[in-house]
Amino acid sequence: MEKPTIVTLHSPAVGPLNSDHLNADHFNTDQWFAVYTRSHHEKSVAQQLQGRGIEHFLPLYTSARRWKDRVKMLQMPLFAGYLFVRVFPSQFLCVLQTHGVSRLVGSPLPLPLEEKEIEQLRTWLSLSLAVEPNPYLRIGQLVRVRRGPLTDVEGILVRKKNGLRLVVSVDLIQRSVALEIDASDIVSVGNGGRNTDYRDISPYRPVFPEVA
């Protein structure tokens, strides 16, 4: 699979941002964009953006880290190396001049995300579900949630240990999240118009792709 191009827009000290390619709609609309950061700089960048008054969103999840004598719960970036900003194109340079920022994602110009993608992420992280990073997937069983807080969300069904996960992808940054799901809450889609009901399938039966 061909990876999306990540465009680099330089600061004035390196090279000018050519605004000739931006039309009126670009300048009149603030949208969400993906920011690629240096390794382990996600939280630092988020703090700096807050100080600059730039709206941003850094999805975090809880990770248990074990030491010899204790277990510590840490808040870790859900998408390692990425966070999101809602800005006008005229603010691109301000974002890029933030220490720890490497690039804005897109080609030949930064590509915006849909508002619903950000809202979905916010909603999922507010639920009492197990949310964690997952390898980016395009193949596997496509399913739709038919009830509960994730109703109508579509994703790829995978197995993890003794349970099931719904993997939902953000294509622009090629990252995915895995949401804990019950077999009784999902039906398959894209099966010639026929929906398969998974209520009678045990989560312990190896019929779904395995996740390490």
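Which are the buried residues of helix 4?

1. Basis. This is a predicted model: local features need pLDDT of at least 70, side-chain atom pairs count only at pLDDT 80 or more, and totals for chains, interfaces and linings use all residues. Residues are numbered from 1 along each chain as its sequence is written, and side-chain values use heavy atoms, with hydrogens and water left out.

2. Helix 4, buried side. Ile118, Leu121 and Trp124 are the buried ones (under 20% relative accessible area, 1.4 Å probe, protein chains only). They lie on the same side of helix 4 because they cover an arc of only 130 degrees around the axis (taken from the directions from the helix axis to the C-beta atoms). Their cover includes strand 1, strand 2 (55–57), strand 5 (82–87), strand 8 (131–134), strand 11 (163–170) and strand 12 (175–181); contact means heavy atoms within 4.5 Å.

3. Helix 4, other side and span. Lys116 and Ser126 are exposed there (over 50%). Helix 4 has twelve residues, 115–126. Its first and last C-alpha are 17 Å apart, close to the 16 Å expected at 1.5 Å a residue (1.5 Å times one less than the number of residues).

4. Second largest pocket. It holds about 250 Å³ of space (the volume filled by probe spheres set on the points). Strand 1 (31–37), helix 2 (42–51) and strand 4 (71–77) each give two or more residues to its lining. Strand 4 gives the most, with three. Helices (H or I, at least four residues) and strands (E, at least two) are DSSP runs, numbered from the N terminus.

Methods. 1 Å grid on protein atoms, 1.4 Å probe; cavity = no way out; pocket = protein on both sides within 12 Å on 5 of 7 lines; lining within 4 Å.
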